[in-house]
2 protein chains.
Amino acid sequence: MRWIRFSVEGKTAYGILEGERIIEVSGDPFNGYEQTTQTHALHAVKIELPLIPRTFYCAGLNYVSHVSGMAAAGVTKPNIPQKPDIGFRGNGGLVAHDEPVIIPSNATSSIQYEGELVVVIGKKVKHLSVENALSCVLGYTIGNDVSERTWQKSDRTNWRAKNCDTFNPMGPWIETNVDLDAMQTIIRLNGAEKTRFKTNDMLFGIATFISAMTRYMTLYPGDVIWMGTDGVPPDLKAGDVVEIEITGVGTLRNTFQAEAPFTVD
Amino acid sequence: MRWIRFSVEGKTAYGILEGERIIEVSGDPFNGYEQTTQTHALHAVKIELPLIPRTFYCAGLNYVSHVSGMAAAGVTKPNIPQKPDIGFRGNGGLVAHDEPVIIPSNATSSIQYEGELVVVIGKKVKHLSVENALSCVLGYTIGNDVSERTWQKSDRTNWRAKNCDTFNPMGPWIETNVDLDAMQTIIRLNGAEKTRFKTNDMLFGIATFISAMTRYMTLYPGDVIWMGTDGVPPDLKAGDVVEIEITGVGTLRNTFQAEAPFTVD
């Protein structure tokens, strides 16, 4: 099942996406819903963020060749994490499918994509075993963890490096029915494939993270966990179009733009 | 002006606190409000979190003697930050005034308080100068950034160290009218003063942080920024009562409790 959040004629709603057709619902996938008789063509709506997260968790450094590649580039240390240490982000950088990513005017040329599987939590849970951990998952969407690598080297907290306005595209929708082990993440730059990896080939898998997190922290409907990326991406520039496909989920597409001139108030 | 969020008879609302009397409002301080004719005695309501943050930002390492003291204790490195690098937390650890802080059963004895001034943002802003930065502030509340120091040494992201369920008490209310330079932070353990520092004696002040953040990130009504703490606190144990007073704002009080036995599902 595919949950889409969309706007049409000034109204935002959730719907169930079947092929290219949206069945509008009242309510939402977290608190309950009813199907309406209203339908829309996918091409006739604006796709919105699939949800505004309650908490935005991120795994980071969760694929072996990304850790070694970032270390070789001098961005991070060559340390493979020994346990699943979850991180946090703010919601301010989130943008939807097809919304632009704005490159700050003082960024260097080292702006890169990171294609990530995003886990959407559907239930309030604590103390889940690894075996039962996935029972709290509503579904999966896609994230692009846009990163400025020089700031990643100098900022103690990755705040500019990974959380500038528009640096966290997420979408296009939430797919509830997936085969994690069959998934591939395929990233295209201006239509040409640049990165491909097995999505579930993580250092610490989704169930391991959720079980570890819920020893200490309650997870809530609407929390999201970004699971990290593999490989070393190319540098991007204004005008580039990045498409992140995760097989069985969909394709998240965003165009990069230069920041417009601004004045400081 | 003091904004309080409270529950009474199963209903949660905002009110304006005058002395010990609450004037209930409809609406809220962020999107507009109207005073109602309903009033309540402060002692007759449950004080709730003053807001559910849109984004939970935290400054960290923002007072000189806290940085040196934590380095002497082997918790963090002896590096004074050279620029205002803002961090992020999840909302899951937030609890209100007078709600208990639960010490996880596998925590060490090195559980400590951190008394912090919390800035509450009231306007959507970007690109603010240092001079105009405080124009976006609605008011100030108080945070207790409860920290488990052994986990702080071992966790890459401070997730257990500082964001376990109940580790982030915030309240009791939002004061809009303050004299930052006159403020003192006074922390009492079981009634005895243990810590006192000049609240505004920060490495990077509130205006500096907001100006730096808004070069890259839009701030929104309901965002909060926890400004860090000074000194080296004592270890706490179940039964302890911690009161964090910030003069001109109020006193945030929470009791520490041991975690109850639990089963893993």
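**Interface.** I started with the contact between the chains: it takes 32 residues from chain A and 32 residues from chain B, where contact means C-beta atoms, placed from the backbone, within 7 Å. On the chain A side, β7 (87-89) and α3 (159-163) each supply at least two residues; helices (H or I, at least four residues) and strands (E, at least two) are DSSP runs numbered from the N terminus. I sorted that side of chain A by class and got twelve nonpolar, twelve polar and eight charged residues. My classes: Ala, Val, Leu, Ile, Met, Phe, Trp, Tyr, Cys and Pro are nonpolar, Asp, Glu, Lys and Arg charged, and the others, Gly among them, polar.

**Ground rules.** This is a predicted model, so local features need pLDDT of at least 70 and side-chain atom pairs pLDDT 80 or more, while totals for chains, interfaces and linings use all residues. Residues are numbered from 1 along each chain as its sequence is written, and chains are lettered from A and ligands numbered from 1 in the order in which they are written.

**Sheet.** Next I traced an open, mixed sheet of five strands in chain A, order β9-β19-β18-β15-β16; strands pair if DSSP finds at least two bridges between them. Its edges are β9 (101-103) and β16 (192-198) of chain A. Inside, β15 (184-189) and β18 (241-246) of chain A run antiparallel, joined by five bridges. I noted I186(A) opposite E245(A) in β18(A).

I checked omega and found a cis peptide bond between G171(A) and P172(A), at about 5°. P172(A) sits in strand β14 (168-175) of chain A. In chain B, the bond from G171(B) to P172(B) is also cis, omega near 0°.

For phi, I flagged H127(A), a non-glycine with a positive value near 60°, in the loop between β11 (115-121) and β12 (137-144) of chain A. Is H127(A) exposed, partly exposed or buried? Partly exposed, because it has 14 C-beta neighbours inside 10 Å; the cut-offs are 20 or more for buried, 12 or fewer for exposed, partly exposed in between, with C-beta atoms placed from the backbone.

Notes
Contact = placed C-beta atoms within 7 Å.
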